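Subject: Handover of a structure, with notes

Dear colleague,

My notes on what was found in it follow.

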Amino acid sequence: MLELINVSKDYFDFEFVLKNVSFSLKEGYIMGLIGPNGSGKTTIINLIMNVIKPTGGEIKIFGLDNTLENNVAIKDKIGFVFDKSIYPEKLNLDKLGYIYKNLYSNFDEEYFEELIKKLKISKLKKLGEQSKGNQMKCQIALALSHNAKLILMDEPAAGLDPIVRRELIKILLEYRERTNAAILFSTHLTEDLEKVADYITYINNGKLIFSKSIEEMRDEYKILKCTISQSKMLNESDFFGYEKNEYYFKGLFGDSNIVIPEGAIVENATIQDIMYYLNRK
Ligand SMILES: Nc1ncnc2c1ncn2[C@@H]1O[C@H](COP(=O)(O)OP(=O)(O)OP(=O)(O)O)[C@@H](O)[C@H]1O
């Protein structure tokens with residue numbers, strides 16, 4: 001469905017913003033794209049959308065090279081949300097719905113109306129007169145309105161309140177159920193991903209750190225918490241990252257052979273723990 005093979009991007013030939021990134025996503029699965037600010041998430045989404053060109057590597061969508069000659073066929077089946085609204089501010093959802101109906105071969109008017117109701121947005125208010133969160137909701141309704149088989153979303157939950165974020169998760173799960181689409185979305189809101197993602201792809205500094213299923217991640221990364229005196233018997237180099245002060249030690253590890261000090265607590269790492277401690281190497 002979506003495959004990135006050794007994709008690299010640099011600007012002005014000197015600084016790589018992405019280096020040899022490879023991962024794939026199958027239909028019917030939801031993948032969260034995570035990474036610190038400036039790590040390359042938006043660049044990846046823009047490359048998949050063919051808005052910018054890679055310096056090296058290949059991107060395949062529905063088995064087709066995402067180059068210009070396949071652009072129309074591919075775009076027809078992609079629903080997208082960018083981190084900033086790309087539509088003229090004087091348009092409203094009513095007009096945009098009309099444009100989408102003419103642009104996409106599978107526009108579903110009934111479902112579009114349903115989404116507008118669920119997201120509680122106005123069809124008639126101009127985009128420029130709507131709050132940032134509501135502009136995002138408009139993009140989401142449009143992205144899901146035409147039976148796209150691949151949904152790409154760059155920070156769709158940014159600026160949404162917690163209630164709407166929950167609704168968005170429900171909508172994405174329902175959409176996947178309806179269409180068996182693949183959904184890739186970038187976010188800093190890792191607790192949302194715990195609820196919805198099947199796979200996590202972690203980018204840091206333009207490099208792929210991992211692309212794994214949530215189950216693999218849970219098996220592979222654990223958190224150990226103990227007092228500083230209990231930690232004396234630990235080998236700190238066994239940890240991907242850790243923090244300690246004069247009272248406690250907390251670290252991320254993966255090796256099931258490490259000896260756990262008596263009284264220490266071992267628990268599953270959250271996505272946020274994994275990002276945080278891998279960054280503290
Ligand atoms: N047009 C450009 N010219 C030069 N460098 C660019 C350009 N666009 C992006 N970059 C650089 O590419 C790197 C990755 O940026 P990108 O926007 O993909 O990160 P991100 O992971 O989406 O960040 P954030 O979480 O802050 O949105 C950054 O260092 C950025 O400065």
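Predicted model: local features only at pLDDT ≥ 70, side-chain atom pairs only at ≥ 80, totals over all residues.

The largest nonpolar core has 81 residues, and those that touch the most other members are Leu2, Ile44, Ile140, Leu144, Leu184 and Ile200. A nonpolar core here is a set of buried Ala, Val, Leu, Ile, Met, Phe, Trp, Tyr and Cys residues joined through side-chain atoms within 4.5 Å, where buried means under 20% relative accessible area, exposed means over 50%, and partly exposed lies in between (1.4 Å probe, protein chains only). This core takes at least three residues from each of domain 1 (2-217) and domain 2 (221-279).

Residues are numbered from 1 along each chain as its sequence is written, and side-chain values use heavy atoms, with hydrogens and water left out.

On the domains, whose bounds come from an automatic or database domain assignment, the C-alpha centres of domain 1 and domain 2 lie 35 Å apart. Between them, 14 residues of domain 1 are in contact (heavy atoms within 4.5 Å) with eight residues of domain 2.

Returning to Leu2, and not counting residues up to four places away in sequence, this residue touches Phe23, Ser24, Leu25, Ile48, Ile59, Lys60, Ile61, Leu150 and Leu184.

Four strands form an open sheet with antiparallel pairing, in the order 2-1-4-5, and its edge strands, strand 2 (15-25) and strand 5 (64-65), each pair on one side only. Helices (H or I, at least four residues) and strands (E, at least two) are DSSP runs numbered from the N terminus, and two strands are said to pair if DSSP finds at least two bridges between them. As background, strands of a sheet pair through backbone hydrogen bonds, either parallel or antiparallel. Strand 1 (residues 2-11) is joined to strand 4 in the antiparallel sense over five bridges, and within that pairing Ser8 has Gly56 of strand 4 as its bridge partner. Strand 4 (residues 56-61) pairs in turn with strand 5, again in the antiparallel sense, over two bridges, with Ile61 standing opposite Leu64 in strand 5. The hairpin of strand 4 and strand 5 has two residues between the strands, and Phe62 takes a positive phi near 50° there.

Helix 1 (residues 41-48) is mostly covered, since seven of its eight residues are buried; these are Lys41, Thr43, Ile44, Ile45, Asn46, Leu47 and Ile48. Just after helix 1, Asn50 takes a positive phi of about 65°. Asn50 is placed in the loop between helix 1 and strand 4, and it counts as buried because its relative accessibility is 12%.

Asn180 also has a positive phi, near 60°, in a residue other than glycine. It is found in the loop between helix 6 and strand 8 (182-186), and it counts as partly exposed because its relative accessibility is 37%.

A cavity is a set of points, on a 1 Å grid over the protein atoms alone, where a 1.4 Å probe fits but cannot get out, and lining residues have an atom within 4 Å of a point; grid points are joined across faces, edges and corners, and the volume is the space filled by probe spheres set on the points. The lining consists of Ala157, Arg165, Leu168, Ile169, Leu172, Phe185 and Asp192, and helix 6 (residues 162-179) gives the most to it, with four residues.

Lastly, Asp238 sits in the loop between strand 11 (222-227) and strand 12 (239-244), and it counts as partly exposed because its relative accessibility is 32%.

With best wishes

Key. 1 Å grid on protein atoms, 1.4 Å probe; cavity = no way out; pocket = protein on both sides within 12 Å on 5 of 7 lines; lining within 4 Å.
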